[in-house]
Every structure is written in structure tokens, then in C-alpha cells.
Amino acid sequence: MVKKLREETGAGVLEAKKTLEATGGDFEKAAAVLRQKGLEKAIKKENREAREGLVEVYAHPGNRVGVMLELNCETDFVGRNEKFRHLAHNLALHIAAMAPRYVKPEDVPAADLDREVSRWRADAQAEGKPEAIMERIVSGRVAKFYQDTCLTEQVYVRDENVRIKELVTEAIRTLGENIVIRRFARYELGEEL
């Protein structure tokens with residue numbers, strides 16, 4: 001059970017063993033406890049500087065869509081790690097499929113967001129919505145806008161139960177270093193310039 005718990009959570013041998021003992025041998029409880037501990041550790045690491053990593057280049061079959069992604073970590077050791085490289089590849093594949101425009105909500109230019117909010121507010125007024133409901137409609141559309149256009153807010157293309165930011169947080173927990181999606185560029189053949 002300790003081995004299986006380690007594989008599933010990335011915890012150390014002693015930590016897995018102690019957690020299993022503390023939960024009375026309940027595997028699911030132990031896994032949940034270790035995931036929570038890992039999440040707390042990952043949150044602490046989010047402010048650490050990440051200047052190493054790699055640039056992943058992905059061309060979708062048929063070469064009609066290409067992605068270049070910079071994924072950073074703290075050390076070159078993790079940057080060469082197979083799990084880190086796998087994460088970079090999966091993120092590039094996701095970008096090719098889902099076409100986000102920004103990395104995170106903070107990257108959305110205020111002018112773009114203001115323009116969209118004005119349009120949504122005008123649409124709600126045209127439909128005759130009351131002011132109180134209009135604000136809820138607009139805030140819901142802002143959240144949906146972020147989910148559609150911001151990479152970290154998108155649902156992972158290979159698992160609809162996971163968001164990209166959760167995928168990165170899990171990698172931080174597993175690899176033990178801060179990981180940052182620095183930037184990306186997506187090219188599609190024939191797209192408007």
C-alpha cells in the first residue's frame with residue numbers, strides 16, 4: 001500500500017507510511033491527506049523565482065497549427081526531468097487544440113476586458129434585464145471569458161475534470177519546485193494577422 005500511495009501522490013516512503021498509520025490503513029483518506037499536504041507545499045513554492053526550464057515546440061499533425069511555449073522551473077535539474085518535459089508537451093498540445101489568447105487573467109489588457117464588459121452590459125440592457133441581475137450576468141460572462149481565453153483557467157483538453165492551473169499545481173507538488181507558464185505563441189495556417 002505504501003508503494004501504491006507513493007506512486008499516486010509522489011510522497012516519500014516515511015511520509016506515506018506515517019499517513020497510512022495515522023488514517024488506520026484507509027488508503028483513500030491517506031491519499032487525500034497527502035494530496036492536501038502537497039497542495040499546501042505547492043502554494044508555498046509559487047512565489048519562488050523560476051528562471052530555468054525549456055521552450056517546447058509542437059506542430060500539430062498536418063503542420064497546420066504550431067505552438068511555442070516557454071515553461072520555467074527553478075533548476076536545470078527539473079528542467080531536464082521527464083515529467084517536466086511531459087507537462088510542457090501536454091501544455092503545448094492543449095494550446096494547439098484550445099487556442100487560448102492569454103496565459104492568465106491578469107494578462108488580459110484592461111481595454112479588451114472593458115470593451116467586452118460594455119458589450120455584455122449593453123446586451124443585457126437590450127434584453128430588458130434589471131440592474132441587479134445585469135451585474136450577475138456580466139460577472140458570469142467575465143468568468144466565462146477567462147475560461148475561454150486564459151490558458152490557466154481552461155479545462156484541460158485530455159481531462160475535463162482538471163483545469164490547467166491545477167495541472168501545473170500538481171506538477172509543482174510532484175517535482176518540488178515552482179513551475180511557471182511564462183509565455184506562448186500559437187500559429188495557425190491562414191489565420192488573420
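The model is predicted. Its open sheet consists of three strands in the order β1-β2-β3, with antiparallel pairing, and helix α5 lies across β1, β2 and β3. Two helix pairs are also described: α5 with α8, which pack at an angle of about 175 degrees, and α1 with α2, which pack at about 115 degrees.

**The sheet**

- Strands of a sheet pair through backbone hydrogen bonds, in either a parallel or an antiparallel sense.
- Strand β1 is paired with β2 in the antiparallel sense over eight bridges, and within this pairing Val55 stands opposite Glu70 in β2.
- Strand β2, made up of residues 65-73, is paired with β3 over eight bridges, likewise in the antiparallel sense, and here Val67 stands opposite Arg186 in β3.
- The hairpin of β1 and β2 has five residues between its strands, and in that hairpin Gly62 takes a positive phi near 95 degrees.
- Strand β2 is mostly covered, since eight of its nine residues are buried.

**Helix α5, the sheet and helix α8**

- Helix α5, formed by residues 82-98, lies across β1, β2 and β3 and runs at about 140 degrees to β2.
- Helix α5 also packs with helix α8, residues 164-175, at an angle of about 175 degrees, and the two axes are 11 Å apart.
- Because that angle is over 145 degrees, α5 counts as roughly antiparallel to α8.
- On the α5 side the contact is made by Lys83, Phe84, Leu87, Leu91 and His94, while α8 contributes Ile164, Leu167, Ala171, Thr174 and Leu175.
- Sorted by class, the contact of α5 with α8 has seven nonpolar, two polar and one charged residues.

**Helices α1 and α2**

- Helix α1, residues 2-9, packs with helix α2, residues 13-22, at an angle of about 115 degrees, with their axes 9 Å apart.
- That angle makes α1 roughly perpendicular to α2, and the crossing of α1 and α2 is right-handed.
- In this contact Val2, Leu5 and Arg6 of α1 meet Val13, Ala16, Lys17 and Leu20 of α2.
- By class, the contact of α1 with α2 has five nonpolar and two charged residues, and no polar ones.

**Thr19 in helix α2**

- Thr19 lies in helix α2, and its relative accessible area is 5%.
- Because this value is under the 20% cut-off for burial, Thr19 counts as buried.
- When its neighbours within four places in sequence are left aside, Thr19 is in contact with Ala30, Val33, Leu34 and Lys37.

Notes. Residues numbered from 1 in each chain as written. Predicted model: local features only at pLDDT ≥ 70, side-chain atom pairs only at ≥ 80, totals over all residues. Heavy atoms only, no water. Pairing = 2+ DSSP bridges. Helix = DSSP H or I, 4+ residues; strand = E, 2+ residues; numbered from the N terminus. Contact = heavy atoms within 4.5 Å. Axes fitted to C-alpha atoms, helices over the stretch in contact; angles between N-to-C directions. Parallel < 35°, antiparallel > 145°, perpendicular 65-115°, else oblique. Nonpolar A, V, L, I, M, F, W, Y, C, P; charged D, E, K, R; others polar. Left-handed = near helix turned anticlockwise from the far one by under 90°. Buried < 20%, exposed > 50% of the residue type's maximum accessible area, 1.4 Å probe, protein only.
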